[in-house]
Amino acid sequence: MPLNKDEYILDVTTDLIKNGQLFYLIFCRSVWYHPLRLDSHLYIEVIFNQVAPDYLEGLLLVIPEERLPEDVIPQIARIAALLHRAADMEQMPTKEEVKYLLPKPVLVMRELRPPQWVEMVQNNWTDMSALTTIEAKAQCLDILQKWQLFGSCFFAVKRIQSDLSTQPDHILALNREGVHFLDIITHVIIVISHHCLSSLVHSPIASLVF
Amino acid sequence: MAAYFDCSELLRPYLFKYLETTAFDKRRTFHVTAEVCLQNLKKTFKYGGRKNVPSIEEIAAISAGRNSKRQMYRLPGGTERIINTSSSTVVTDVIQDICHMLGITNPIEMEEFSLYCIIEGGLSPR
């Protein structure tokens, strides 16, 4: 849960220090309504570092009927090359390295075999030497910000009382379009609610009632 | 004191007048202290008094003339930024400072960012 905006910092830390607890104060983006600004290096770093793990986990991917949409494939290959460059690598990614540059669900999908992915990623590499690490990160974000689930906060949902789905587990995605319940594998939207987003972010998830 | 406790409605205008007079007159001995008091008091009126009694470290620091602590804040990816955090610094202030570092000046855009407190081995407080 985010700290209350009116909270005194030293009130928070005094308690924890008194109890001998180790803690971190972490800054991050929680609402993604404003468009990205790719003009500040630190901004790009912060946003990239927040988005990249979700991307690699596969959360941003929507794969209807468990099939990778055709237009997404070249984007994933390009992002893989950009991620490699963003990590300050100067050599083309190897077969082994490409595995870590693709979103997890992609590795087991039938659309492309691993050698095909490696070839596509390596083909994208030729453009990379001209980029700095920051430029690579910015380009990554530039591609991803057009994806439907970009800018979502994701939560695991264990149970929904609804007639719409027989599966117990879902993913809850909160973003600028509202509240979405996603199928856990395909990330296709099952239920959508155009709730007021800012009030939701600041209320405990447990109190959301549908 | 001004950072911790609010005062009664009756006292408030007199307290303010006293602090403002001292703060704005550079010839007065305690004008700097009065300025700090005034700022802290305004914060207290806006956000309420401090919830917790200050720690020994905080009192020692203030007595030694150090009004703020060099507090570390983590950014996604692991890098850290040190921001001077005083008795009256609230979460909004820190978010504002970091947003300025990111090139964000629009207060509405700043509302999209948050501060979280992660405790080793447990969930965040409150």
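This is a predicted model: local features need pLDDT of at least 70, side-chain atom pairs count only at pLDDT 80 or more; totals for chains, interfaces and linings use all residues.
# Exercises on a two-chain model

**Exercise 1.** Find which residues of helix 1 of chain B are buried, and work out how they are placed around the helix.

*Solution.* Begin with the list: Phe16(B), Leu19(B), Thr22(B) and Ala23(B) are the buried residues of helix 1 of chain B, where buried means under 20% relative accessible area, exposed means over 50%, and partly exposed lies in between (1.4 Å probe, protein chains only). These residues lie on the same side of helix 1 of chain B, because they cover an arc of only 140° around the axis, the arc being that of the directions from the helix axis to the C-beta atoms.

Residues are numbered from 1 along each chain as its sequence is written, chains are lettered from A and ligands numbered from 1 in the order in which they are written, and side-chain values use heavy atoms, with hydrogens and water left out.

Next, look at the other face of helix 1 of chain B, turned away from its buried side, which carries the exposed residues Tyr14(B), Lys17(B), Tyr18(B) and Phe24(B). The buried residues of this helix, in turn, pack against helix 2 (31-47) of chain B, a contact being heavy atoms within 4.5 Å.

Finally, check the length: helix 1 (residues 12-24) of chain B has 13 residues and reaches 18 Å from its first C-alpha to its last, close to the 18 Å expected at 1.5 Å a residue. The expected span is 1.5 Å times one less than the number of residues, and helices (H or I, at least four residues) and strands (E, at least two) are DSSP runs, numbered from the N terminus.

**Exercise 2.** Which kind of aromatic pair do Phe27(A) and Phe113(B) form?

*Solution.* Start from the rule: rings of Phe, Tyr and Trp (its six-membered ring) pair if their centres lie within 6.5 Å, and planes under 30 degrees apart count as stacked, over 60 as edge-to-face and the rest as tilted. Over all chains, this rule gives three aromatic pairs. The pair of Phe27(A) and Phe113(B) is stacked, because the ring centres are 5.2 Å apart and the planes stand at 5°. The pair crosses between chains, from strand 1 (residues 23-29) of chain A, which holds Phe27(A), to strand 3 (residues 113-119) of chain B, which holds Phe113(B). As for accessibility, Phe27(A) is buried at a relative accessible area of 0%, and Phe113(B) is buried with a value of 0%.

**Exercise 3.** Say whether Gln71(B) is buried or exposed, and list what it touches.

*Solution.* Locate the residue in strand 1 (residues 68-74) of chain B. Gln71(B) counts as buried, because its relative accessibility is 7%. Leaving out residues up to four places away in sequence, Gln71(B) touches Thr13(A), Phe23(A) and Leu25(A), together with Arg81(B), Ile82(B), Ile83(B) and Thr85(B).

**Exercise 4.** Compare the places and the accessibility of Glu65(A) and His187(A), each of which has a positive phi.

*Solution.* Take Glu65(A), whose phi is near 55°, a positive value in a residue other than glycine. Glu65(A) lies in the loop between helix 2 (41-57) and helix 3 (72-86) of chain A, and at 70% relative accessibility it counts as exposed. Then take His187(A), which is not a glycine either and has a positive phi of about 65°. His187(A) is placed in the loop between strand 4 (178-183) and strand 5 (189-193) of chain A, and with a relative accessible area of 6% it is buried.
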